[in-house]
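Subject: Handover of a structure

Dear colleague,

Please find below the structure I am passing on to you.

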Amino acid sequence: MKNFFHSPIKLVCFSYSVFVIQASMAGVDLNLDYTTDIDFTSSSSLSVQKNTVIREKLSASNLDIVSQTPSWLFAVRNATVNGYHKDENGLRYYSFDNDIVIQGSFGSLTVLKNEILKCNDIACDNVSIFYTFERSIMIDAFAVDLSGFIYFSVAHATVINGLSVFPADIVQLELGLNNYTLAVNSQYPINGLVMGINKNIDAISKLSEIGGTGYFISFKDEGCFTGTPTICFNNISIIFIDNSTSTAVEPFVSPSYFGTYENPVNLNSLTITVPSDLIFKNSFE
């Protein structure tokens, strides 16, 4: 497996989903960053506040509940982070399920529930509104592609520029053109499996930096995909889907530290990042 990551060959020779899943099994420190909808006590007895960006390394028993969370975010108690993304430059993006006012070294800023907030520096001491959706659009999860796209889900069925959208769909927004299309249509089979419009995607991650065409998703509630084989999940399961490949639906991983189900914790937002040296150092182009 070691030669897989260091041989001088191009990433396009490999399946995207195989790359990520094999990397996590090979001891590579893929970062799983997520937030939850409630305060909870982890299985390692740590007290975790909602909106804390929890970092879990997939290759080891390593939980970090501080370093990925800007100080101003700890003070947000009247809303939850319902969308989180970290781009290939290390900059972070957030959305919330209610209108909020945040306070920090940048002063005071109102963030509406139909907006995406961007940190303009690594420390997140300088922030701005990255994108504002129409007020009728309640986003429930998102990922940013720096080539000019936002991929998102909605909390409730709606119509966007004439496009009917359900909470189990993934919408692609082309920035600058205000062009909305369905990147994943929950009513169409993906490798024989149908998600169905009754489900609700509330966490999305997309590894655009390695040319990924698929998505890592989590659902608000437990359920199953209909088809053969049937794939069932709960609200902390992370599933890989790709409607452009033949290996389109694969269970990926579930966070390890949620403790017992005395804590009804839901995975509320998600971003998976790959260390840059894994992609570029003596390896892929």
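This is a predicted model: local features need pLDDT of at least 70, side-chain atom pairs count only at pLDDT 80 or more; totals for chains, interfaces and linings use all residues.

Four strands form an open sheet in the order 6-7-10-11, and their pairing is antiparallel. Strand 6 (81-86) and strand 11 (127-132) are at the edges; each has a single partner strand, so one side of each lacks a neighbour in the sheet. From one strand to the next, the twist averages 25°. Strand 7 (residues 92-96) and strand 10 (residues 115-119) are joined by two bridges. Tyr94 has Leu117 in strand 10 as its bridge partner.

The salt bridges

Three salt bridges were found in a search of the whole structure.

- Asp33 and Arg55 meet through their side chains at 2.8 Å, N to O. Asp33 belongs to strand 1 (residues 31-36) and Arg55 to strand 4 (residues 54-57), 22 residues apart. Both residues are buried.

- Asp39 pairs with Arg77, with 2.6 Å between the closest N and O atoms. Asp39 lies in the loop between strand 1 and strand 2 (40-41), whereas Arg77 lies in the loop between helix 3 (71-74) and strand 6. Asp39 has a relative accessibility of 37% and therefore counts as partly exposed; Arg77, at 40%, is also partly exposed.

- Arg135 and Asp99 meet at 2.7 Å, N to O. Arg135 is in the loop between strand 11 and strand 12 (139-145) and Asp99 in the loop between strand 7 and strand 8 (100-104), so this pair ties together parts 36 residues apart in sequence. Arg135 is partly exposed at 45%, and Asp99 is partly exposed at 32%.

Yours sincerely,
A colleague

Notes
Residues are numbered from 1 along each chain as its sequence is written. Side-chain values use heavy atoms; hydrogens and water are left out. Two strands pair if DSSP finds at least two bridges between them. Axes are lines fitted to C-alpha atoms, for helices over the stretch in contact, and angles run from 0 to 180 degrees between N-to-C directions. A salt bridge is a side-chain nitrogen of Lys or Arg within 4 Å of a carboxyl oxygen of Asp or Glu. Buried means under 20% relative accessible area, exposed over 50%, partly exposed in between (1.4 Å probe, protein chains only).
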